[in-house]
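Morning, everyone. Please have the structure open while I talk. I'll go through salt bridges, then a strand, then aromatic pairs.

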Amino acid sequence: MPQVFLQFKYSRFFFSLSKKSLHHHLATPPLRYADKCIGSIKGWLIMSDNSERVFVKCFFWNPVTNVRIMIPSKLPLPPTCEYFPVRGDREKPQLKKMVASSKPNCNGSSDCHLVGLFDDFCHIAIYKLFEKSWTIVVSDKDSGFRDVEIIGTKLYVAVSDSSSSSILVYCLKDSINGPPKAKVLAEFPIISILKWQRSNGVFCYLAKDEALRELYFIYMFCNVVTTPENRHINANGFRFFTDYAQPLQVNNFEMFKLDTNKDPIGWQNVELEDRVAFVSNLSSIVMSRDELNFNKDLIRGNIIYFAFHHGCAANPWASLQLGMFCLTDSSIKYFPVKKLKHDDIPRPYPVWFVPSLL
């Protein structure tokens with residue numbers, strides 16, 4: 001059963017769905033403050049070392065076996081985009097999220113591709129494991145990268161600008177001799193007007209069913225309370241927030257699956273039926289109930305488990321939201337997280353992780 005890897009200022013924990021509590025059943029690494037989790041793939045967490053100013057070092061870590069696989073090539077931090085400057089006192093954008101096409105191979109030979117998304121929304125980095133260098137892709141001046149996911153050798157990227165949003169697809173086999181060429185695959189799915197009217201905020205996430213190699217698009221509807229000084233818009237109309245006045249309140253979800261049989265390719269609004277979705281800021285997966293050998297009540301179909309952290313400096317603990325949403329009746333159940341030391345606050349972001357010995 002997937003668990004949530006949670007990062008705090010001074011500690012690391014896993015959240016168990018069965019016990020609805022934090023635990024140390026798996027190894028917790030002696031990570032430094034500069035180390036953070038930025039993704040996961042098949043039993044491995046993807047970690048980054050942010051101790052240097054001009055580059056980041058990444059590694060895979062398996063909390064069950066406590067095995068680490070270092071990614072040999074350092075990832076140079078890209079320059080700041082003039083149309084989307086970095087926030088705060090940082091000189092360069094930081095690596096926000098990383099996805100992988102497959103789990104790593106310990107013997108040094110692997111077809112695993114990695115793609116990193118930077119927090120300036122302008123850069124993504126592409127890498128084939130154990131090769132010499134990374135390939136940096138820069139967004140068009142009038143658009144920004146929203147999310148990334150890999151299925152096989154295809155990279156799917158959600159992009160948007162002030163007037164439209166679409167999914168681009170890249171062939172990672174073409175990234176050996178420079179940045180691959182992007183093709184527009186489809187527009188974002190049409191959003192539910194009724195759900196949108198009942199909320200004032202919406203977030204989107206790409207997810208994949210690894211077993212069936214299917215791509216999903218998930219909308220999360222919520223109530224957002226901000227202050228004017230924390231609302232920003234860049235030169236190309238891309239809106240973002242640096243903080244929220246109150247923790248976000250999840251209201252609803254909507255799921256779509258990419259339908260490649262359509263002409264043109266489009267989205268199919270779906271119920272999960274015999275599947276379960278696990279959605280978070282950094283990793284979102286869809287799995288069959290047959291893959292989850294666990295309590296049938298916990299894995300009944302048409303369920304979305306969520307783990308989010310959207311910054312609220314005034315109440316950082318309430319910003320951490322773990323829960324379950326039922327697509328059948330739109331009911332929501334939250335899983336409270338017991339507060340630790342008063343100064344040990346949550347850090348972005350929670351990550352879904354499937355424990356494995358392999």
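A salt bridge here means a side-chain nitrogen of Lys or Arg within 4 Å of a carboxyl oxygen of Asp or Glu. Keep in mind that this is a predicted model.

So, where does that cut-off come in? Take Lys128 and Asp111. Their side chains meet in a salt bridge at 3.9 Å, N to O. The cut-off is 4 Å, so this pair counts. Lys128 sits in strand β11, and Asp111 is in the loop between β9 and β10. They are 17 residues apart. How accessible are the two partners? Lys128 has 27% relative accessibility, so it counts as partly exposed. Asp111 is exposed, with a relative accessible area of 61%.

Next, Asp147 and Lys97. This salt bridge is 2.5 Å, N to O. Asp147 belongs to strand β13, residues 144–151, and Lys97 to strand β9. That links distant parts of the chain, 50 residues apart. Are Asp147 and Lys97 buried or exposed? Both are buried.

Lys257 is in strand β21 and Glu214 in strand β18, residues 214–223. Here 43 residues separate the partners.

There is also a network of salt bridges. It links Lys42, Glu149, Lys208 and Glu210. How many salt bridges does a search of the whole structure find? The count is 8.

Now the strand. Look at β10, residues 113–118. It is mostly covered: 6 of its 6 residues are buried. His113, Val115 and Leu117 point one way. Leu114, Gly116 and Phe118 point the other way. All of these are buried.

Which strands does β10 pair with? On one side of the list is β9, residues 95–100, antiparallel to β10 and joined to it by 5 bridges. Lys97, the salt-bridge partner of Asp147, stands opposite Leu117 in β10. The other is β11, residues 123–128. It also runs antiparallel to β10, again with 5 bridges. There, Leu117 stands opposite Ile124. β10 and β11 form a hairpin, with 4 residues between them. Check Phe121 in the turn: it has a positive phi of about 65 degrees.

Last topic, the aromatics. A pair of aromatic rings is described by the distance of the centres and the angle of the planes. The structure holds 20 aromatic pairs. I'll show two.

Phe14 and Phe353 have ring centres 5.7 Å apart. Their planes are at 45 degrees, so the pair is tilted. Phe14 lies in strand β2, residues 12–16. Phe353 lies in strand β28, residues 346–353. The pair therefore ties together parts that are 339 residues apart in sequence. Phe14 and Phe353 are both buried.

Then Phe253 and Phe325. The centres are 5.3 Å apart and the planes are at 50 degrees, so this pair is tilted too. Phe253 is in strand β21, residues 249–259, and Phe325 in strand β26, residues 320–326. They are 72 residues apart. Phe253 is buried, with a relative accessible area of 0%. Phe325 counts as buried, at 0% relative accessibility.

One more thing to find on screen. Ring pairs also build a cluster. Its members are Phe188, Phe217, Tyr219, Phe221, Phe256 and Trp267.

That's my part. Thanks.

Conventions: Residues are numbered from 1 along each chain as its sequence is written. This is a predicted model: local features need pLDDT of at least 70, side-chain atom pairs count only at pLDDT 80 or more; totals for chains, interfaces and linings use all residues. Side-chain values use heavy atoms; hydrogens and water are left out. Rings of Phe, Tyr and Trp (its six-membered ring) pair if their centres lie within 6.5 Å; planes under 30 degrees apart count as stacked, over 60 as edge-to-face and the rest as tilted. Helices (H or I, at least four residues) and strands (E, at least two) are DSSP runs, numbered from the N terminus. Buried means under 20% relative accessible area, exposed over 50%, partly exposed in between (1.4 Å probe, protein chains only). Two strands pair if DSSP finds at least two bridges between them.
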